[in-house]
Each structure stands twice: as C-alpha cells, then as structure tokens.
Amino acid sequence: MTLLLGATGLLGHNVLELLLKQGRKVRAVVREGSSIDSALVAQAAAGQLEIYYGSILDSSVLERAVRGCTEVVNCAGVTDMTLQNLDDYRPVNTALPFQAARLLDSLSGGVLVDVSTANTVDPGTRERPSDENTPFGGPFTASLYARSKRESEKSLLDFAATHLRTRVVILLPGFMIGPYDRKPSSGRLLRTAYKEPVMAAPPGGKSFVDARDVAAAVLGALDNPLAQGRYLTTGKSLTFKEFFALQASVCSYRQTCIEIPRRICLATGSLGNWLEKRGTRNIFPDRNVRQLLVEEWYDNSRARKELGMPCTPLETSITDFFGYVAR
C-alpha cells in the first residue's frame, strides 16, 4: 500500500494517475473541502483507492494513514509566496515529512519519497549546471519556501543515516507544468501570458519540467531499491521570454514580449518590502523578485539514469495543460 500526501495538487494528481495505472493500492489523505479529480477516482479499480478525509497536520490522522503502508510519497507543500515568516512554511514543508518518516520507520519501515525543490541548490549557469552536490546558494537562500524545504532535506537525510529500515529519496523538481493543474498553481504563469498581445517578462528564467516526468521519477524512486538521497528532477532551462515565445508558438498566437530592465525589477522589490513592512501581503518583496533575475541551469542526469525519468517536450506539456483546463 502506498500512502500519497498532497494528492490534490498538480504533482500529486499525476503521481496518483501513474500509481493507479500500475495497479497499486493507494491511500490518500484529503482535507475537508478539497477533492481528487473525479475522472481519476473513476479510473480506480474496486478497493484500489482509499481516501482519508482530514488534515495531514493532525498527528492522529497521519498515524492512521501510515499504518499498513510500506511506501509514503509526500507531494504536499506550502508555496504561498506572500507569507512573511519561515514558521508559516515549517509545519507542512519541514515537520510533516520528518513525522511521516518517523511513523513509517516505527510501524513497518519502507521507503519515503519526499518532494522538495531544485531551489535548494544554487541555480547554476549554462556553462556549469548545478548537480545534487551543489550547495544551497544564489537568491534562493533568502526564499522562505526554499529555506523550509532545505531544513526538511537535512532532517530527512540525518534521519535516514541512523534509521536503516526506512529508505529516503528526496526529489528536487524544477518548475512543473502539465495536466491536473486544477488551481492552477504553476499554470498561472501560462494563463497570464495566454493570447496577450504584449507581455512583460523579468530577465531570469526557470528549469521547466513536465509534472508527468517528475511523477515517473517518483515511481522510479519507489521501485529502485538502490535509490537514496537527493535527485534533481528538472527539465529544460529557458528564460521567461523564451518560454512565452514557445507558448505563443504552440498555441498559435502572436505576442510581443518585452524584457523588464533589472533596475525596474529591483525597484518593484523595494516597493514590495515597503508594503510588507506596513502589513500588506504581496508577492513582490525583494526576496521573491531577485529569484526572477537569474536563469536556472541544473543537471538531471542522475534522475534520468537511476530513476528512469523521461523528458517530455515542453510543447506537449503546454498543449496538455491548456487541454486539461479547457475540459
């Protein structure tokens, strides 16, 4: 039995789809008021999918959910960039994975696959892409989200070193896009630019990856008994301007994209800091803006080799995202 946390999100839905296609039994914890895509629920065979309703932060709910499972996949995460304190991220991003590992180890042992972020390593350059051994660096050391995830990685790796009944694999995905982005989450970037005649873009970029590729890496991590530690599950590095041009080409519309000068971006960050100090939550404080000024280059060869992570063309990812939201 596989316990899936964060099943209602973009990656969680794609992981669930693969688990069900492989005929695995899955247990998912879903908070009240949230739901799993009805089409996925309908695909499950009788008795294949169990849904527990409750909070993943409720220790009694989590303990009941882990019982009887030998595999735990944690796709849950708080990503809200308007939060102002590290402690706002820690319960889900830091404490939850450690508690899940501890419960799994105490009950049966097995494997925990935790989803972190590529931003816990320095973003690298075109000439020297980062790998799993690259230290935490760049503008992301100021990111509250990335810091909470890096704390989680450290606690899980320390735990795995002394609790040998539980194998721990940590995935570090890039900017995920694709189907099942119901909120949307990362898909907001795609929607914002869709069919706009003029688009403004910051000078940086991301490592864009299909969520289904990361989901495949999750299953590879479950199935490879030698897999352990951290894996960069990233994709193709593009500037925002390049990505918007690709989306316009895929979706057959014309767009003029203007790169925002760095000084204007930094001025926006200063304004965001000013608003934040006066109690106004916003997504533009300096710690967030500076992340948009760097390109992100990562080496995902370890994940491709050891976890069998595929490489879906971004054209397909974009097409399938819009195909899903149009349903």
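Mentor: A polar contact is a pair of N or O atoms within 3.5 Å; within protein, one must be able to donate a hydrogen and the other to accept it, and residues adjacent in sequence count only if both atoms are side-chain atoms. The model is predicted, with local features requiring pLDDT of at least 70 and side-chain atom pairs pLDDT 80 or more, while totals for chains, interfaces and linings use all residues. Numbering starts from 1 along each chain as its sequence is written, and side-chain values use heavy atoms, without hydrogens or water.

The side chain of R304 makes such a contact with that of N300, at 2.7 Å. R304 belongs to helix α11, residues 301-306 (helices being DSSP runs of H or I, at least four residues, numbered from the N terminus). With a relative accessible area of 42%, R304 is partly exposed, that is, between buried (under 20%) and exposed (over 50%), using a 1.4 Å probe and protein chains only. Its C-alpha atom lies 9.6 Å from that of G220, 84 residues apart along the chain.

As for packing, the axes of helix α1 (residues 10-21) and helix α7 (residues 211-223) come within 9 Å and cross at roughly 55°. Helix α1 is therefore oblique to α7, the class left once angles under 35 degrees (roughly parallel), over 145 (roughly antiparallel) and 65 to 115 (roughly perpendicular) are set aside. Residues in contact (heavy atoms within 4.5 Å) include L10, N14 and L18 of α1 and R212, V214 and L222 of α7.

Notes:
Helices (H or I, at least four residues) and strands (E, at least two) are DSSP runs, numbered from the N terminus. Axes are lines fitted to C-alpha atoms, for helices over the stretch in contact, and angles run from 0 to 180 degrees between N-to-C directions.
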